[in-house]
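My notes follow the order in which I looked.

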Amino acid sequence: MRLVASGLAHRFQGTGNLFENLSFTLESGEMVAITGPSGCGKSTLLSLLAGWESPTEGEITREGEGKISWVFQNPLGSPKRSVIDHVSLPILAGGASRREAEKLSYQLLERFDLSQQATQPYATLSGGQATRLMLARAFAAQPALLLVDEPTAQLDTHTAASVNAVLGELASTNTIVVIATHDPDTASSAQRVINLKEFAK
Ligand SMILES: Nc1ncnc2c1ncn2[C@@H]1O[C@H](COP(=O)(O)OP(=O)(O)OP(=O)(O)O)[C@@H](O)[C@H]1O
Ligand SMILES: [Mg+2]
(Lines give C-alpha, C1' and ligand atoms only; values in the text may rest on other atoms or scores of the structure.)
(Ligands and ions follow the chains in the order given, each with its own letter.)
Protein backbone atom coordinates (compact mmCIF):
# COMPACT_ATOMS: atom_id res chain seq x y z
CA MET A 1 0.00 0.00 0.00
CA ARG A 2 1.01 3.60 -0.55
CA LEU A 3 -0.60 6.42 1.40
CA VAL A 4 -0.33 9.95 0.11
CA ALA A 5 -1.51 12.80 2.32
CA SER A 6 -1.52 16.23 0.76
CA GLY A 7 -2.28 19.56 2.35
CA LEU A 8 -4.14 18.06 5.31
CA ALA A 9 -5.79 20.27 7.88
CA HIS A 10 -8.31 19.15 10.47
CA ARG A 11 -10.55 20.81 13.00
CA PHE A 12 -13.60 19.76 14.95
CA GLN A 13 -16.53 21.89 15.95
CA GLY A 14 -15.14 23.97 18.78
CA THR A 15 -11.45 23.47 17.93
CA GLY A 16 -9.30 25.57 15.61
CA ASN A 17 -7.18 23.71 13.08
CA LEU A 18 -5.31 21.04 15.01
CA PHE A 19 -2.74 20.92 12.22
CA GLU A 20 -2.49 22.33 8.72
CA ASN A 21 -0.38 22.05 5.55
CA LEU A 22 0.48 18.47 6.45
CA SER A 23 1.75 16.41 3.51
CA PHE A 24 3.61 13.10 3.48
CA THR A 25 3.86 9.81 1.62
CA LEU A 26 4.06 6.46 3.39
CA GLU A 27 5.23 3.30 1.63
CA SER A 28 4.95 -0.36 2.59
CA GLY A 29 7.81 -1.40 4.85
CA GLU A 30 7.96 1.97 6.57
CA MET A 31 7.48 2.55 10.28
CA VAL A 32 6.65 6.10 11.24
CA ALA A 33 5.96 7.77 14.59
CA ILE A 34 3.43 10.59 15.01
CA THR A 35 4.51 12.75 17.94
CA GLY A 36 3.45 15.96 19.62
CA PRO A 37 1.85 17.12 22.88
CA SER A 38 -1.46 15.78 24.20
CA GLY A 39 -4.39 17.16 22.23
CA CYS A 40 -2.36 18.05 19.12
CA GLY A 41 -4.30 15.57 16.97
CA LYS A 42 -2.25 12.35 16.90
CA SER A 43 -5.23 10.01 17.36
CA THR A 44 -7.22 12.18 14.96
CA LEU A 45 -4.56 11.75 12.30
CA LEU A 46 -4.73 7.96 12.74
CA SER A 47 -8.51 8.12 12.19
CA LEU A 48 -7.95 10.14 9.02
CA LEU A 49 -5.41 7.58 7.77
CA ALA A 50 -7.88 4.78 8.50
CA GLY A 51 -10.60 6.63 6.61
CA TRP A 52 -12.86 6.84 9.68
CA GLU A 53 -12.87 10.58 9.44
CA SER A 54 -12.46 12.91 6.44
CA PRO A 55 -9.97 15.75 6.68
CA THR A 56 -11.37 19.27 6.79
CA GLU A 57 -8.89 20.26 4.08
CA GLY A 58 -6.63 18.32 1.77
CA GLU A 59 -6.87 14.67 0.87
CA ILE A 60 -5.55 11.21 1.57
CA THR A 61 -5.19 8.71 -1.24
CA ARG A 62 -4.64 5.02 -0.66
CA GLU A 63 -2.98 3.15 -3.51
CA GLY A 64 -3.34 -0.61 -3.31
CA GLU A 65 -5.60 -2.91 -1.36
CA GLY A 66 -5.22 -4.43 2.05
CA LYS A 67 -6.46 -4.70 5.58
CA ILE A 68 -6.21 -1.90 8.11
CA SER A 69 -5.59 -2.95 11.75
CA TRP A 70 -5.64 -0.87 14.91
CA VAL A 71 -3.99 -1.39 18.26
CA PHE A 72 -5.81 0.84 20.71
CA GLN A 73 -4.47 2.53 23.79
CA ASN A 74 -6.25 0.09 26.12
CA PRO A 75 -5.43 -3.52 25.28
CA LEU A 76 -8.54 -5.55 24.63
CA GLY A 77 -8.31 -9.32 24.38
CA SER A 78 -10.70 -12.18 25.10
CA PRO A 79 -10.32 -12.81 28.85
CA LYS A 80 -10.61 -16.61 28.86
CA ARG A 81 -8.78 -17.32 25.62
CA SER A 82 -5.13 -18.29 25.76
CA VAL A 83 -2.30 -16.09 24.56
CA ILE A 84 -1.46 -18.50 21.74
CA ASP A 85 -5.07 -18.46 20.51
CA HIS A 86 -4.96 -14.69 20.18
CA VAL A 87 -2.17 -14.90 17.62
CA SER A 88 -3.11 -18.17 15.91
CA LEU A 89 -6.69 -17.13 15.08
CA PRO A 90 -5.68 -14.36 12.64
CA ILE A 91 -3.06 -16.67 11.11
CA LEU A 92 -5.69 -19.41 10.58
CA ALA A 93 -8.08 -16.78 9.20
CA GLY A 94 -5.35 -15.91 6.69
CA GLY A 95 -5.56 -19.45 5.33
CA ALA A 96 -2.67 -21.24 7.09
CA SER A 97 -2.99 -24.90 8.10
CA ARG A 98 -3.25 -25.76 11.82
CA ARG A 99 0.32 -26.98 11.82
CA GLU A 100 1.69 -23.88 10.07
CA ALA A 101 -0.37 -21.61 12.31
CA GLU A 102 0.99 -23.26 15.44
CA LYS A 103 4.57 -22.94 14.27
CA LEU A 104 4.16 -19.30 13.22
CA SER A 105 2.34 -18.50 16.46
CA TYR A 106 5.16 -19.78 18.63
CA GLN A 107 7.69 -17.84 16.57
CA LEU A 108 5.62 -14.70 17.00
CA LEU A 109 5.27 -15.17 20.75
CA GLU A 110 9.02 -15.51 20.95
CA ARG A 111 9.59 -12.30 19.03
CA PHE A 112 7.14 -10.40 21.24
CA ASP A 113 8.63 -11.91 24.41
CA LEU A 114 5.53 -13.95 25.38
CA SER A 115 6.76 -17.55 25.06
CA GLN A 116 6.39 -18.17 28.78
CA GLN A 117 2.75 -17.07 28.71
CA ALA A 118 1.61 -19.09 25.66
CA THR A 119 -1.05 -21.12 27.45
CA GLN A 120 -2.14 -18.50 30.00
CA PRO A 121 -5.59 -16.95 29.62
CA TYR A 122 -5.50 -13.33 28.46
CA ALA A 123 -7.07 -12.17 31.74
CA THR A 124 -3.97 -13.23 33.70
CA LEU A 125 -1.48 -11.08 31.73
CA SER A 126 0.30 -8.03 33.11
CA GLY A 127 -0.25 -4.67 31.39
CA GLY A 128 2.98 -4.88 29.40
CA GLN A 129 2.32 -8.50 28.38
CA ALA A 130 -1.23 -7.65 27.28
CA THR A 131 0.05 -4.74 25.18
CA ARG A 132 2.74 -6.94 23.58
CA LEU A 133 0.07 -9.53 22.78
CA MET A 134 -2.13 -6.93 21.07
CA LEU A 135 0.88 -5.93 18.95
CA ALA A 136 1.66 -9.57 18.11
CA ARG A 137 -1.97 -10.24 17.20
CA ALA A 138 -2.13 -7.18 14.94
CA PHE A 139 1.09 -8.26 13.24
CA ALA A 140 -0.27 -11.80 12.80
CA ALA A 141 -3.16 -10.41 10.72
CA GLN A 142 -0.59 -9.03 8.21
CA PRO A 143 -2.43 -5.76 7.58
CA ALA A 144 -1.36 -3.37 4.82
CA LEU A 145 -1.72 -0.52 7.31
CA LEU A 146 -1.15 -0.97 11.04
CA LEU A 147 -2.17 1.94 13.29
CA VAL A 148 -0.92 1.86 16.87
CA ASP A 149 -2.20 4.47 19.34
CA GLU A 150 -0.03 5.21 22.40
CA PRO A 151 1.21 1.67 23.14
CA THR A 152 3.09 2.80 26.26
CA ALA A 153 0.84 5.54 27.66
CA GLN A 154 -0.70 3.42 30.43
CA LEU A 155 2.53 1.72 31.49
CA ASP A 156 5.24 2.49 34.03
CA THR A 157 8.77 3.14 32.76
CA HIS A 158 10.01 -0.42 33.21
CA THR A 159 6.97 -2.01 31.56
CA ALA A 160 7.00 0.58 28.78
CA ALA A 161 10.60 -0.42 28.05
CA SER A 162 9.48 -4.04 27.56
CA VAL A 163 6.98 -2.83 24.95
CA ASN A 164 9.42 -0.44 23.25
CA ALA A 165 11.87 -3.33 22.99
CA VAL A 166 9.54 -5.29 20.69
CA LEU A 167 8.05 -2.47 18.58
CA GLY A 168 10.69 -3.01 15.89
CA GLU A 169 9.18 -6.49 15.37
CA LEU A 170 6.12 -4.84 13.80
CA ALA A 171 8.11 -3.79 10.75
CA SER A 172 7.22 -5.87 7.73
CA THR A 173 7.82 -5.37 4.03
CA ASN A 174 4.09 -5.47 3.24
CA THR A 175 2.94 -3.15 6.01
CA ILE A 176 2.95 0.56 6.78
CA VAL A 177 3.20 0.93 10.57
CA VAL A 178 2.09 4.25 12.11
CA ILE A 179 2.57 4.73 15.87
CA ALA A 180 1.10 7.72 17.71
CA THR A 181 3.08 8.45 20.87
CA HIS A 182 4.47 11.08 23.16
CA ASP A 183 7.12 8.72 24.53
CA PRO A 184 10.48 9.54 22.87
CA ASP A 185 11.67 5.93 23.39
CA THR A 186 8.61 4.64 21.55
CA ALA A 187 9.20 7.13 18.72
CA SER A 188 12.81 6.01 18.40
CA SER A 189 11.63 2.58 17.17
CA ALA A 190 10.47 4.28 13.98
CA GLN A 191 12.77 5.26 11.12
CA ARG A 192 10.79 8.40 10.61
CA VAL A 193 9.01 10.91 12.85
CA ILE A 194 6.20 13.30 11.97
CA ASN A 195 6.00 15.90 14.74
CA LEU A 196 2.53 17.47 14.62
CA LYS A 197 3.77 20.38 16.67
CA GLU A 198 5.51 21.62 13.52
CA PHE A 199 2.16 21.70 11.73
CA ALA A 200 0.10 23.30 14.50
CA LYS A 201 -1.37 26.60 13.49
N1 LIG B 1 -15.03 13.90 17.70
C2 LIG B 1 -14.51 15.02 18.23
N3 LIG B 1 -15.25 16.14 18.38
C4 LIG B 1 -14.73 17.27 18.89
N5 LIG B 1 -13.45 17.39 19.29
C6 LIG B 1 -12.66 16.32 19.16
C7 LIG B 1 -13.14 15.07 18.63
N8 LIG B 1 -12.11 14.19 18.64
C9 LIG B 1 -11.05 14.84 19.15
N10 LIG B 1 -11.37 16.12 19.47
C11 LIG B 1 -10.46 17.13 20.02
O12 LIG B 1 -9.39 17.29 19.11
C13 LIG B 1 -8.16 17.48 19.82
C14 LIG B 1 -7.16 16.43 19.39
O15 LIG B 1 -7.53 15.15 19.91
P16 LIG B 1 -6.64 13.85 19.73
O17 LIG B 1 -7.32 12.77 20.46
O18 LIG B 1 -6.40 13.64 18.27
O19 LIG B 1 -5.26 14.29 20.42
P20 LIG B 1 -3.97 13.43 20.73
O21 LIG B 1 -2.80 14.14 20.14
O22 LIG B 1 -4.20 12.02 20.31
O23 LIG B 1 -3.87 13.53 22.33
P24 LIG B 1 -3.33 12.44 23.41
O25 LIG B 1 -1.83 12.53 23.36
O26 LIG B 1 -3.87 12.97 24.70
O27 LIG B 1 -3.88 11.10 23.04
C28 LIG B 1 -8.52 17.45 21.29
O29 LIG B 1 -8.69 18.78 21.73
C30 LIG B 1 -9.85 16.71 21.32
O31 LIG B 1 -10.65 17.12 22.41
MG1 LIG C 1 -4.38 10.23 21.35
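Predicted model: local features only at pLDDT ≥ 70, side-chain atom pairs only at ≥ 80, totals over all residues.

Entry on α2 and α3. I looked up helix α2, residues 83-93, and found that its axis comes within 9 Å of that of α3, the two crossing at roughly 130°. On the α2 side I listed V83, I84, V87, S88, I91 and L92, which meet R98, A101, L104, S105, Y106, L108 and L109 of α3. Sorted by class, this contact has ten nonpolar, two polar and one charged residues.

Entry on α3 and α4. I then followed helix α3 (residues 98-111) to helix α4 (residues 127-140), where the packing angle is about 140° and the axes are 10 Å apart. I recorded this pair as oblique too, with a right-handed crossing. Here L108, L109 and R111 of α3 meet L133, A136, F139 and A140 of α4, and by class I noted six nonpolar residues, no polar ones and one charged one.

Entry on ligand 1. Which residues surround ligand 1? I wrote down F12, L18, P37, S38, G39, C40, G41, K42, S43, T44, E150 and H182. Looking at its oxygen atoms, I found one 2.6 Å from an N or O atom in the side chain of S38, one 2.8 Å from a polar backbone atom of G39, and one 3.5 Å from an N or O atom in the side chain of E150.

Methods. Residues numbered from 1 in each chain as written. Chains lettered and ligands numbered in written order. Heavy atoms only, no water. Axes fitted to C-alpha atoms, helices over the stretch in contact; angles between N-to-C directions. Helix = DSSP H or I, 4+ residues; strand = E, 2+ residues; numbered from the N terminus. Parallel < 35°, antiparallel > 145°, perpendicular 65-115°, else oblique. Left-handed = near helix turned anticlockwise from the far one by under 90°. Contact = heavy atoms within 4.5 Å. Nonpolar A, V, L, I, M, F, W, Y, C, P; charged D, E, K, R; others polar. Near = heavy atom within 4 Å. Polar contact = N/O pair within 3.5 Å; in protein donor to acceptor, adjacent residues only side chain to side chain.
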